[in-house]
Amino acid sequence: MTAAWRWTYETADGDRIGHSHDFESRSDAETFIGLEFETLLAKGVDQVRLHEGDTEVYGPMSLHAE
């Protein structure tokens, strides 16, 4: 069985403030963040990190426009 994919949510200072539900694939996780980033921003999430199981794949990734 492969590890689940999950986003962790953070403030701009890097404080963890939550996480997404688990996804079966990286593609599903990336589609989710693309659709939900504005909602997450409205809830105070500034940046996210993508994990596969306990391994961080990438991040932090800002949700704010450059």
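Author: Two strands pair if DSSP finds at least two bridges between them. Strands (E, at least two residues) and helices (H or I, at least four) are DSSP runs, numbered from the N terminus. The model is predicted: local features need pLDDT of at least 70, side-chain atom pairs need 80 or more, and totals for chains, interfaces and linings use all residues. Residues are numbered from 1 along each chain as its sequence is written, and side-chain values use heavy atoms, without hydrogens or water.

Start with strand 1 and strand 2. They pair in the antiparallel sense, over three bridges. Thr 8 stands opposite His 19 of strand 2. Thr 8 also has a bridge partner in strand 3, namely Arg 49. Strand 1 and strand 3 run antiparallel and are joined by six bridges.

Move on to strand 4. Five bridges join it to strand 3, again with the strands running antiparallel. Val 48 has Met 61 of strand 4 as its bridge partner. His 51 has Glu 56, also in strand 4. The hairpin of strand 3 and strand 4 has two residues between the strands. There, Gly 53 takes a positive phi near 65°.

Burial comes next. Strand 3 has five of its six residues buried, so it is largely enclosed by the rest of the structure. Buried means under 20% relative accessible area, exposed over 50%, partly exposed in between (1.4 Å probe, protein chains only). Ser 20 lies in the loop between strand 2 and helix 1. Its relative accessible area is 4%, so Ser 20 counts as buried. Leaving out residues up to four places away in sequence, Ser 20 touches Arg 6, Trp 7, Tyr 9 and Phe 32.

The structure holds two aromatic pairs. The centres of the Trp 7 and Tyr 58 rings are 5.9 Å apart and the planes stand at 75°, so this pair is edge-to-face. Rings of Phe, Tyr and Trp (its six-membered ring) pair if their centres lie within 6.5 Å; planes under 30 degrees apart are stacked, over 60 edge-to-face, the rest tilted. Trp 7 lies in strand 1 (residues 5-10) and Tyr 58 in strand 4 (residues 55-62), so the pair ties together parts that are 51 residues apart in sequence. Trp 7 is buried, at a relative accessible area of 0%. Tyr 58 is partly exposed, at 24%. In the other pair, Phe 23 and Phe 32 have ring centres 5.1 Å apart and planes at 45°, so they are tilted. Both Phe 23 and Phe 32 are buried.

Notes
Contact means heavy atoms within 4.5 Å.
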